[in-house]
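Here is a short briefing to read alongside the model. Please keep the viewer open as you go through the topics.

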Amino acid sequence: MGECKFPGSMDRSSESRERSRQACEPCRRRKTKCPGERPVCSTCQRLNHQCVYSLRDRANVTSGRVTKAYARATQDRLRILESQVNDLYGALCSRPSKIGEPSPGTPESNNTSLREQDWQAPLRGSPSDISAFSPTSPHPPAGTLGHFIEVYRKVLHLQPLPLFDMDTLQSDLAKAPEFLLWSFLALILPFSGHEFYHGRESDARNFYSQSAEQVVVKMAVEGIPRVEVLQSLCLLALRHIKEGKEAQACMTIGMASRLQSFRTLQQHNNQTEARDLTVSRCHWSIRILESIFTPQLSIPSPPQTPIPPEYPYPPSAPLPPPLPSASPTHTDLFDTTDPTNDLGIVAYGIQLIIIWGETASYLHSIRTNPNLNEETPWSLSSTYSKLNHRRNEHETQLPESHLLRNVAFTKRSRAEISAHQEYWTSWISMQIFCHALVAIQNHPFIHLVILRGNRGVSQSRLFLQQTVDHALFHSEWVFRLVQAWENFDLPLHDPLIAHLVAATASISWIFQFARDRGIGEKARGHLVVAERLLSRMSTVWPHVSHRLKTLHALQSSASVATTNPSISSEHQGAAITKGTTITIQPSLFWDLLDPKICPTETPGSSGPAAPDARMRVTTQFMHPLSEDEPSLGQGGRDVGRVGDGGEGLMSDVHVQELEQLSLDELFGQLGDDTFTWAL
């Protein structure tokens, strides 16, 4: 062992005393005599302790008077320390700094807490020579990762979350911490296979999900509001929904929401943070998850005026080029929208999703305590009116270029739609949201059964007629849009669309019993479209199968009594006469309109039996949609046949040909006793 020797007047005994005073840190803490050997004292070697000499001991060594022996000892000590560092941190490296984060080596980065430094992105070796997955070699090759990114683009991107920039996602995941890559793979693996995981798909899913959750949940609980943590929580929430674990999804969404709020407080007035598109995508993805899956827990009462967004909306795909033969864009007479203020089709879809969350919260409040809901729906201060105001404001802000009559949706070929599918997916989703929200808010079950039956007060006949007209008209549009998209042979994967279609189908279920044969036939056709869509989407999102089962239970539970008892049950729907009464189970309607977060019972299964309600369908409703005559669409927009032109799906209807509804006929036969619960 080399010894430290200083020339000059200091003799060996004084040198020994000097060295004894220069104790190592472990001996100093134990207050024991340190032999002073370097680089490791005999005491620490015997006790298997890490021997470290404080830098302050170097101050006792005069510059330029260090012997060769001391220099060799210092080199030995450095080699030992380097070996220990390599053993402990050889697999780790610093994550490249992102926008708004300090660069390595700056005072800000040096003050980073140890808990954040523990989760830096690891140094990954090249996986090109790895042929199959194993827990010791879990990183997929670049080609495999590219395959799953393409699956994500087709199935999950904007359906429903705008979480990633698809153009840079592969490089972003390559640089990101492992827990984000694991979260991504845990979500996407059930949607597609790959030879890299051949025979070990289940092991890979378990490895990725457990590894991601172990790190992400720990960091979220510790309050580390990194963007990668928030992105991982969004992916893990979708994974829980995919697996039917809605309670875990609810908790994960709540964790992401609180962590994002904490991040917003920390970054208050940080302009760089506000302009970061990665942060913006993450913020709005969390808002979307809240509005779709946990509106009962996270959406407050709708404000009277929209609040300006704290973050910019995610970028949208550009408007597809007009058709060569398309007529000039039609503008309204008093159009006040400025084309330069176009927020993008994704932004307008997000706005409607937020409004849906408020609508779902409104329905939930009616369900949980209708007797305490003393609002008059048609009053200006009611939640019903505020929701109408929100939708009308959205309509006024929507640029003319995105309107149905101007985008020429039905006149484009499948190839044209596929070439700009990112735009058209957002566009068709926004259109379905727009009509479904109006139809569901005006659901006859809500206004003619729940509110009328529980309030026990006189209601405006004109208002009730208006709700029926809105429900009939806009539910028709929902299914026409779904059929138009299906005619292009392009699937829809957004779980919110599945929920809205199931809820709107319950309106068609009521109208199938209308005396007007045309209305009844169309309503039954809508139920077929809904069942087809829900059956297909249940293969992507298994929780959708619960909506499909509920719709089947609603169909099988229908009890139709007519004034002509000779009509067989299978022909009752096509031969409804005056005096027809339908008996419904409110619990089935509520399962479609306001589903529980954790449905544990099969529709119509055991449990406390809810009282039935009776509704009499005795009249012809005003029907502004006709297959034979030109019809006015949304805002007077024409809808043509899907494909390469041809005749219109709906054409104009003339005012004199509308079937007018007699209010006296309706309310003369729909007394209070008809809408009370049949105990």
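What follows covers aromatic pairs, salt bridges, a surface patch and some backbone details.

This is a predicted model, in which local features need pLDDT of at least 70, side-chain atom pairs count only at pLDDT 80 or more, and totals for chains, interfaces and linings use all residues. Residues are numbered from 1 along each chain as its sequence is written, and side-chain values use heavy atoms, with hydrogens and water left out. Helices (H or I, at least four residues) and strands (E, at least two) are DSSP runs numbered from the N terminus. Buried stands for under 20% relative accessible area, exposed for over 50%, and partly exposed for what lies in between (1.4 Å probe, protein chains only).

**Aromatic pairs**

- The whole structure holds 26 aromatic pairs, where rings of Phe, Tyr and Trp (its six-membered ring) pair if their centres lie within 6.5 Å; planes under 30 degrees apart count as stacked, over 60 as edge-to-face and the rest as tilted.
- One of them is the edge-to-face pair of Tyr 152 and Phe 164, with 5.8 Å from centre to centre and 65° between the planes.
- Tyr 152 sits in helix H7 and Phe 164 in the loop between H7 and H8, so this pair ties together parts 12 residues apart in sequence.
- Tyr 152 is buried at 1% relative accessibility, and Phe 164 is buried at 6%.
- Phe 409 and Phe 488 also pair edge-to-face, because their ring centres are 5.4 Å apart and their planes meet at 65°.
- This second pair links distant parts of the chain, 79 residues apart: Phe 409 belongs to the loop between helix H18 (404-407) and helix H19 (414-419), and Phe 488 to the loop between helix H22 (461-487) and helix H23 (495-511).
- Both Phe 409 and Phe 488 are buried.
- A cluster connected by ring pairs takes in Phe 133, Phe 148, Trp 182, Phe 196, Tyr 197, Phe 207 and Tyr 208.

**Salt bridges**

- There are 14 salt bridges in the whole structure, each a side-chain nitrogen of Lys or Arg within 4 Å of a carboxyl oxygen of Asp or Glu.
- In one of these, Arg 153 and Glu 150 bring their closest N and O atoms to 3.4 Å; the two residues are three apart in helix H7, about one helical turn.
- Arg 153 is partly exposed at 30%, and Glu 150 is partly exposed at 34%.
- Arg 480 and Glu 476 meet at 2.7 Å, N to O, and are four residues apart in helix H22, about one turn of the helix.
- Arg 480 is buried at 9% relative accessibility, as is Glu 476 at 4%.
- Shared partners join Glu 213, Arg 239, Glu 243 and Lys 245 into one network of salt bridges.

**Surface charge**

- Asp 165, Asp 167, Asp 172 and Glu 422 form a patch of negative charge on the surface; patch residues have over 30% relative accessible area and no salt bridge, with like charges joined within 9 Å and nonpolar side chains (Val, Leu, Ile, Met, Phe, Trp, Tyr) within 5 Å.
- Asp 167 lies in the loop between helix H7 (142-155) and helix H8 (169-175) and is exposed at 71%.

**Backbone details**

- The peptide bond from Gln 159 to Pro 160 is cis, with omega near 15°, and Pro 160 is in the loop between H7 and H8.
- Ala 408 is not a glycine, yet has a positive phi of about 55°; Ala 408 is buried at 16%.
- Asp 489 has a positive phi near 60° and is exposed at 57%.

How values were computed
Accessible areas come from the Shrake-Rupley method with a 1.4 Å probe; for residues, only the protein chains shown count as cover. Lys and Arg count as positive and Asp and Glu as negative; His and the chain ends are not counted. The place of a charge is taken as NZ of Lys, CZ of Arg, CG of Asp or CD of Glu.
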